Amino acid sequence: MSNKEKLNPIAALQALPGNIRQFGSEVNPMERPLWEIDNRFLNPFAPVPEVQTWVCMGDRPALPCKGIITLSAKPKQGKSIATYALLTPILTRKPFDTLTPQEENRARLAVVFDTEMDTPTLAERYKTMLQALNEAALRFQIVPLLEIPKSKRREYIEEITAKYNPDIVVIDQVARLVANFNDAAENVAFGEWLAQYAAKRSVIVVIHQNKAADNTQMKGHLGSLLEELAVENYTVKHENGIFYIIPTNARKSRVDETSTPVTFALNDSGAIITAAGMIESNKEKQAEQCRVELREIFGDDDTLRHSEIKSRIMEKQGLSQKGAERKIRIAAECGAIKKIDPANIRSPYQLTQSAAEDFSGVDNDDF
């Protein structure tokens, strides 16, 4: 073998004995990249378009304009109403809670395919949403699927999508589009269809989490598949009258325990409203309950160091070191205690003053 052949891997390959197919004389990938000849090949030097999103969630670009987005939760936590909360600022172009619409992206049409609610219930919720959207109301449409046979639902979705071409589709909930959410073969095939369907639009899929209280994984083989296919994952929870939409994973942005969630509440009419005031109220209630317990811990002392507070909690309340640490963390987060000098890590704590002198007892299991 010549030195020239040694330097040319194509020539070296063709020189090997056996029935190796020769490259056609008209195409030599060593002379011209195939992406310049055939656009089916990826050009690594072509400009890469930025991932477009509908909103910013805090400082993080969120809710991509294309791809699968999951919302999962335990039953009765508000998954369905959470999708409406996410759609509201996208369609109205007005900020809501931590969501700020992206100036350059506006959804022409969002369609919810609902497989769970009966028509009367769905209609009442729909009317409330239309009032909230005001002039953007016609951009939001709902298609009931409960009475459509399960075997026909995917075809039904495809037909409507082809006709009206929505920018955003919500499938609530997605497990009702398959016969068995634990059947591997069926769900792999469904995942292939869903990924292709979501290649040109945002598809928000709602799905239940596993029943175990400490298991937040999406339900069944379908849930595991969606975890892999989704561009973003969110979990929904509802406590003390407040709904939380919490990001858990995103391909194109950083998500961790400090990531900004979306919070909202419902007024007496069932309309979606900001939860800021309720959050502050709940925070103060929690703080007051912490103060009640910590007054016994502080006793006659005006200030205590972290180690002493922990030691007294362990002694008086019979908690482990970890449990005592958690109590101190919660008390600091809700404002029941604060450091004398916040800039000094060794600074002692003092109890803060109650916002209301005659505050009555509260029921909060967090502390």
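User: How many helices and strands does the chain have?
Analyst: The chain has eleven helices and 15 strands. Helices (H or I, at least four residues) and strands (E, at least two) are DSSP runs, numbered from the N terminus. This is a predicted model, in which local features need pLDDT of at least 70 and side-chain atom pairs count only at pLDDT 80 or more, while totals for chains, interfaces and linings use all residues. Residues are numbered from 1 along each chain as its sequence is written, and side-chain values use heavy atoms, with hydrogens and water left out.

User: What share of the chain is buried?
Analyst: Buried residues make up 41% of the 367 residues. Buried means under 20% relative accessible area and exposed over 50%, with partly exposed in between (1.4 Å probe, protein chains only).

User: Let us turn to H5. What span does H5 have from its first C-alpha to its last?
Analyst: Helix H5 covers residues 119-133, 15 residues in total, and reaches 20 Å, close to the 21 Å expected at 1.5 Å a residue. The expected span is 1.5 Å times one less than the number of residues.

User: Which residues of H5 are buried?
Analyst: They are Leu122, Tyr126, Thr128, Met129 and Leu133. Seen down the axis of H5, these buried residues fall within an arc of 165°, so they line one face of the helix. The arc is that of the directions from the helix axis to the C-beta atoms. On the other side of H5, Pro120 and Gln131 are exposed.

User: What do the buried residues of H5 pack against?
Analyst: Their partners are helix H4 (79-92), strand S5 (110-114) and strand S6 (140-144). Contact here means heavy atoms within 4.5 Å.

User: And the ends: which residue reaches the backbone nitrogen of Thr121 at the start of H5?
Analyst: A side-chain oxygen of Asp118 comes to within 3.0 Å of that nitrogen. Just after H5, Asn134 takes a positive phi of about 55°.

User: Now H11. Which of its residues are buried, and which are exposed on the other side?
Analyst: Ala324, Lys327, Ile328, Ile330, Ala331 and Cys334 are the buried residues of H11. Seen down the axis of H11, they fall within an arc of 165°, so they line one face of the helix. Lys322 and Glu333 are exposed on the other side.

User: Which residue just after H11 has a positive phi?
Analyst: Gly335 does, with a phi of about 90°.

Key
A polar contact is a pair of N or O atoms within 3.5 Å; within protein, one must be able to donate a hydrogen and the other to accept it, and residues adjacent in sequence count only if both atoms are side-chain atoms.
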